[in-house]
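Trainee: Could we go through this model together, one question at a time? I would like to see how each answer is reached.

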Amino acid sequence: MGAGLEFFPQPSSELQAPEAAEMTTMLVRHADVLVTMDEERREIPDGGLFIRDGMIERVGASGDLPSTADEILDLHGRVVIPGLVNTHHHLYQTLTRALPAAQDVDLFHWLKTLYPIWARLSPEAIRISTQVGLAELALSGCTTASDHLYIFPNGARLDDEIEAALPVGLRFHASRGSMSLGESQGGLPPDRVIEKEDAILRDTQRLIEAYHDPRPGAMLRIVVAPCSPFSVTADLMREAAVLARAAGVRLHTHLAETADEERFCLERFGLRPVDYAEKLSWSGEDVWFAHGVHVTPQEAARLGRSGTGVAHCPSSNMRLASGIAPVREYLRCGVKLGLGVDGSASNDCSHLLAEARQAMLLARLAAAGQETAGPLLSARQALELATRGGAEVLGRTDIGQLTAGRCADFAAFRVSRLDYAGALHDPVAALLFCTPEQADVTAVNGRIVVKDGQLTTLDVGTLVERHNRIAAELCA
Ligand SMILES: [Zn+2]
């Protein structure tokens, strides 16, 4: 394992600090409602959890749980949900949010504007933006974050992101992204930001060996993630799949995001994006695509049959006028579907509960005028995408639900506040229908990362100050 793990010893790991070796217990009790997302989708009034050594041992009504523990968390006045799971993001982009020149353009123009700026990123910029984005996610109730870093200028490495992420305290899936198809070869990115393919594959192998933890409860996993059809070659996609499968890690890329990309694939490869991916063996239980906007019903059915996952990123898709992903079709076809805040320069925020709200609203807009549309996407379905759905997309059977034997990853939202006044007929739905609030408590493996609405692991004020300074230098 990488040296970086010393930042955050895991309860179930041999890296555990000696003084923490004793079993510890935590009792979470008196939540107004505890949303389990279990097979029956139970919602337990006056609910709670009994946690041992970072794992959930019992779930139930507070009166049915043990009455003592090493640590007791009384969550009266809160709704408790499984920790949210983010399945697509680019944390470094928090440095280029709301950049005037990239505010009002579509994906390809947005990228063309931003590539030269991102070419000036430094290892320090990667580190500080990682912490800023993860802090935002943690404060929105997210407990597992996946990130896709695909540009490595000026000596930056994925190690910079990993080392910066660990002290924040979220479960982290770091994708080794890459770009190898420059402008001179017909790709979109300028040649100076691309890497050589053999170097990409060598570095990817190194990172898997150094950091990937396949065990249940893992805090850190590596993902193999060439960036998109218009920024890497077919060869790299094929080789990356071989490498990932030999190492037992997952594959991720952008696919079917915009009409421009579809045109690019048809012109260059004579195939639509999903066909192209399948031809390169990018299909199956170990693959998930970001976006999946321009996907036909037949293609959705194939994704469902093959077990390929999709990270739905509604805010980004609206922001860049990319289109509306066929969420209803995906659910009908049994496609594994999670949510991604994406960005963060195409959102421009890292609030996962807000993203679940966007998913609910956008799916409703997509149903406008369709007589056969049936019931609209519900608040609970949207919350399910952000929890169970995300866990499935990331291939994790140890998170996404509050059930015995899973990791104690949860978030609590205080519902006795102005924003929810009058909505307590259904406090669970209120989390999605009303203003998306910050979490009052966020816990990962039973470790409190957010308490009383404040991040406990890092000083946010200092972080923001450093981040703004680096952002200003980067865009000067
Ligand atoms: Zn993306």
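**Walking through the model**

Mentor: Let's start at the surface: Glu-39 is exposed, because its relative accessible area is 57% and exposed means over 50%, buried under 20% and partly exposed in between (1.4 Å probe, protein chains only). Before we go on, this is a predicted model, where local features need pLDDT of at least 70 and side-chain atom pairs count only at pLDDT 80 or more, while totals for chains, interfaces and linings use all residues. Residues are numbered from 1 along each chain as its sequence is written, and side-chain values use heavy atoms, with hydrogens and water left out.

Trainee: Leaving aside neighbours within four places in sequence, which residues is Glu-39 in contact with?

Mentor: Glu-39 sits in the loop between β1 (25-35) and β2 (43-52); strands (E, at least two residues) and helices (H or I, at least four) are DSSP runs, numbered from the N terminus. Contact means heavy atoms within 4.5 Å. Once neighbours within four places in sequence are set aside, the partners of Glu-39 are Arg-388 and Gln-401.

Trainee: Why is the arrangement around the zinc ion irregular?

Mentor: The protein donors are His-88 (NE2), His-90 (NE2), His-254 (NE2) and Asp-342 (OD), 2.1 to 2.7 Å from the zinc ion. Donors are N, O and S atoms within 2.8 Å of the metal (3.2 Å for Na, K and Ca), and water is not among the atoms, so sites may look incomplete. Four donors are tetrahedral if all angles lie between 85 and 135 degrees; four are square planar and six octahedral if opposite donors are over 155 degrees apart and all others between 65 and 115; anything else is irregular. Here the four donor atoms subtend angles of 85 to 173°, which makes the arrangement irregular.

Trainee: How are the donor residues of the zinc ion spaced in sequence?

Mentor: Both His-88 and His-254 are buried. The spacing of the donor residues reads H-x1-H-x163-H-x87-D.

Trainee: How many residues of α2 are buried?

Mentor: Helix α2 (residues 123-139) has 17 residues and reaches 25 Å from its first C-alpha to its last. That is close to the expected 24 Å, taking the expected span as 1.5 Å times one less than the number of residues. The helix is mostly covered, and its buried residues number 13 of 17.

Trainee: Which residues have the most contacts inside the largest nonpolar core?

Mentor: A nonpolar core is a set of buried Ala, Val, Leu, Ile, Met, Phe, Trp, Tyr and Cys residues joined through side-chain atoms within 4.5 Å. The largest one has 127 residues, and those with the most contacts inside it are Trp-118, Leu-170 and Trp-282.

Trainee: What kind of pair do the rings of Tyr-92 and Trp-118 form?

Mentor: Rings of Phe, Tyr and Trp (its six-membered ring) pair if their centres lie within 6.5 Å; planes under 30 degrees apart are stacked, over 60 edge-to-face and the rest tilted. Tyr-92 is buried at 1% relative accessibility, and Trp-118 is buried at 0%. Their ring centres are 5.1 Å apart and their planes at 90°, so the pair is edge-to-face.

Trainee: Which residues do ring pairs link into a cluster?

Mentor: By the ring rule there are eight aromatic pairs. The cluster joined by ring pairs consists of Tyr-92, Trp-110, Tyr-115, Trp-118 and Tyr-150.
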